[in-house]
Each structure stands twice: as C-alpha cells, then as structure tokens.
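Open the model in a viewer with a cartoon display and keep the selection panel at hand. The stops below go from a single residue out to the whole chain.

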Amino acid sequence: RRLSNLLIQPLLQTQIGLYCIGLSFLFVALVSVILYQNLGNLFDVFFTLSDGQVTLHTVTAAYLDNIKAWVYLCLAIYVVSTIGISILYTHRLVGPTVAFRRHLDAIESGDYSYRTILRKNDAFQEVATRLNEVSEMLEAKGIHPKR
C-alpha cells in the first residue's frame, strides 16, 4: 500500500499518534525522575563505601552512557511505530467515512443501487450494512428524491 492511501485525514491521524507519544513521554518523564532520584542516592552510597571512587565513577559513567544509546534507539523505534500504528488504525476508522459520503451522495442524487462495501478490518461494518438495507428499501419502493 502507498502511504498516501493510508492518510485520508493526515492531520487527524498524525495528531492521534502525537497525543499517544506525548502521554507516553509524560509517563516516562515521571518514571525517570523517580529512578534518577533513587539511583542517584544508591550511587552516592556506593561512592561513599568504595575505596576507589574515581574508578567506580568512571565505570558507572561508561555503563550509563551505554544505557543512553539503547534508550535513544528504543525511543526512535517507539516514535516511528506509534505514529505508524496510529495511522493504520485511524485509517480503519476514518476510511469508512469516505465510503459513507459517497453512498449518501448517491442516495441524494437518486441512485439507490449504490452499496457501501468496506474492507474486512474497517470499523462501522454494521453501519454500512444498515445503510445498504436502507438503500435496498428505497430502491424497492421506487422513491425518487425531491429536487
């Protein structure tokens, strides 16, 4: 699939992903503050009890630098995957609205033979079924729109 096919309402779809990322960052920030405070106190105890404070400090700093690299990598993967997943799932929500608009336009123009067919994983399947039933009923009654 092309990305342009997935982006029916790009602003809305991307905005949902960014909201999810923002909330996740808020959660991570709070957890990070808690960990920083507690690990900082733990390291102070280690440095106080250690004879070779310089060596311990160097090893700890190198270890934390290695952890930072993994955290940044995970962060990048998280951001990309969250935006991708939000676009995919909002496409399943927003996509059917395009089909519904077409169907309603057809009904308005008097074409009651038009049917809405959604993809397997799209939302609002029952709405599409009901809209198709209404079109069948109008077609059977031979009702024509007022102009």
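Select phenylalanine 124, which lies in the loop between α3 (53–108) and α4 (125–141); helices (H or I, at least four residues) and strands (E, at least two) are DSSP runs, numbered from the N terminus. The model is predicted: local features need pLDDT of at least 70, side-chain atom pairs count only at pLDDT 80 or more, and totals for chains, interfaces and linings use all residues. Residues are numbered from 1 along each chain as its sequence is written, and side-chain values use heavy atoms, with hydrogens and water left out.

Stay on phenylalanine 124 and check its backbone: phi is positive, about 70°, although the residue is not a glycine. Most residues other than glycine have a negative phi. With a relative accessibility of 35%, phenylalanine 124 counts as partly exposed (buried is under 20% relative accessible area, exposed over 50%, partly exposed in between; 1.4 Å probe, protein chains only).

Now select the whole protein and colour by secondary structure.

Finally, colour by accessibility. Of the 147 residues, 20% are buried.
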